[in-house]
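Welcome! Take a moment to look over the structure below, and then we will walk through a few of its parts together.

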Amino acid sequence: MATSRPGPNLSRIATSLGVSVATVSNALSGKGRVSGQLVERIREHAAELGYVPSPAGRALRTGRSGVLGLVLPDIANPLFPKIAQAIEFASAAAGYGVLIADSRGDVAAQTEAINRLVERGVDGMVIIPRRGTSISSAVCPVAIIDTPSTPGNTVSADHWQGGLEIAGHLAGLGHRRVLIIGNNQESNVQNDRAGGIRSGMSPGMHSETLWIARLEQKNGSGCPLGLAEKVGQGFTAFAALSDLQALRALTELQQAGINIPTDVSVTGFDDLIWSPVVTPSLTTVRMDMDRIAKIAVSALVDTIKTSSMREGVLVTAKIERVAMQLIVRQSSGLANLAQKTSDMENM
């Protein structure tokens with residue numbers, strides 16, 4: 001059975017040139033006292049032989065692994081593979097590989113994931129934290145992507161501004177009663193989005209907030225949200241704090257025979273991959289994840305280069321928040337005039 005011949009290593013280069021392995025290593029790494037003429041000879045010969053530096057060898061020489069860690073709160077959520085891809089692209093452009101860990105939605109598991117990445121010798125980490133996650137054990141530079149109101153946040157989408165965009169859009173369509181639908185009241189991101197919606201409402205607009213986790217704790221997982229009843233109370237807009245909750249709202253309303261957007265409007269956040277193809281297509285707010293990833297990774301790499309090894313530090317970036325973009329599609333329309341009349345009569 002034929003076996004592939006291993007690529008040239010430092011010993012082969014040293015032997016063929018009649019110099020020591022240390023001299024070859026210093027010449028290729030730019031360290032030590034090696035004459036310029038010899039450095040050029042060694043590098044030319046290494047190129048002729050097709051020498052490729054070993055990541056493991058480089059790690060031993062520099063004390064760095066060339067690998068970043070990425071800790072996600074729930075990779076089953078369709079948003080997080082999109083974020084992971086953006087981080088991987090930005091890391092690769094900076095010359096780093098990425099190890100991904102998933103907490104499966106559990107704070108203790110996320111802390112364990114951080115510890116595992118530390119044990120594997122990552123040079124730094126990007127963490128999208130669960131509320132209450134401890135990063136004190138991450139004895140390496142850490143970039144946080146969450147929301148600007150989170151202490152220690154490095155860079156993120158401006159979720160409050162995204163909420164303002166939704167509020168302005170619904171106000172412009174004539175909606176006066178808005179039901180905000182969130183999943184987890186403990187989420188900093190969802191609280192900022194909800195806060196932005198409330199803050200951006202025009203005079204005369206009214207909102208209520210429905211937290212699904214709280215409702216399910218009482219009535220069971222997957223229970224009805226009671227949205228048809230809310231329509232009967234005069235609500236004409238349902239502003240979900242993620243596209244996943246928006247899809248649940250769309251489904252429940254349609255099953256109740258309520259037309260979207262003729263009777264009511266539904267909006268979301270995140271612009272997930274299926275948001276343009278559901279019926280009706282979903283009006284939502286999009287994060288510029290590629291830009292966020294580039295800022296986070298660039299700040300992290302800069303910190304790695306200037307920090308002492310195994311030093312834990314929260315990374316800061318010159319740009320802390322990235323504007324979100326309103327994407328208007330078919331699920332939002334003018335407020336139903338009959339609902340508006342009924343609303344006015346009940347005030």
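Which residue in β8 is the bridge partner of valine 178? The partner is alanine 237. Before going further, note that this is a predicted model, where local features need pLDDT of at least 70, side-chain atom pairs count only at pLDDT 80 or more, and totals for chains, interfaces and linings use all residues. Residues are numbered from 1 along each chain as its sequence is written, and side-chain values use heavy atoms, leaving out hydrogens and water.

Strand β8 covers residues 237-240; strands (E, at least two residues) and helices (H or I, at least four) are DSSP runs, numbered from the N terminus. Strand β6 (residues 177-182) pairs with β8 in the parallel sense over 4 bridges, where pairing requires that DSSP finds at least two bridges between the strands. β8 also pairs with strand β9 (residues 265-267), again in the parallel sense, over 3 bridges. Here alanine 237 has serine 265 of β9 as its bridge partner.

Both faces of β8 are covered: Ala237 and Ala239 on one side, and Phe238 and Ala240 on the other, are all buried (under 20% relative accessible area, with a 1.4 Å probe and protein chains only).

Now turn to a pair of helices. Helix α5 (residues 79-93) and helix α12 (residues 289-306) pack at an angle of about 50°, with their axes 8 Å apart. The contact (heavy atoms within 4.5 Å) involves residues of α5 including Ile83 and Ala86, and residues of α12 including Met289 and Val297.

Technical notes
Buried < 20%, exposed > 50% of the residue type's maximum accessible area, 1.4 Å probe, protein only. Axes fitted to C-alpha atoms, helices over the stretch in contact; angles between N-to-C directions.
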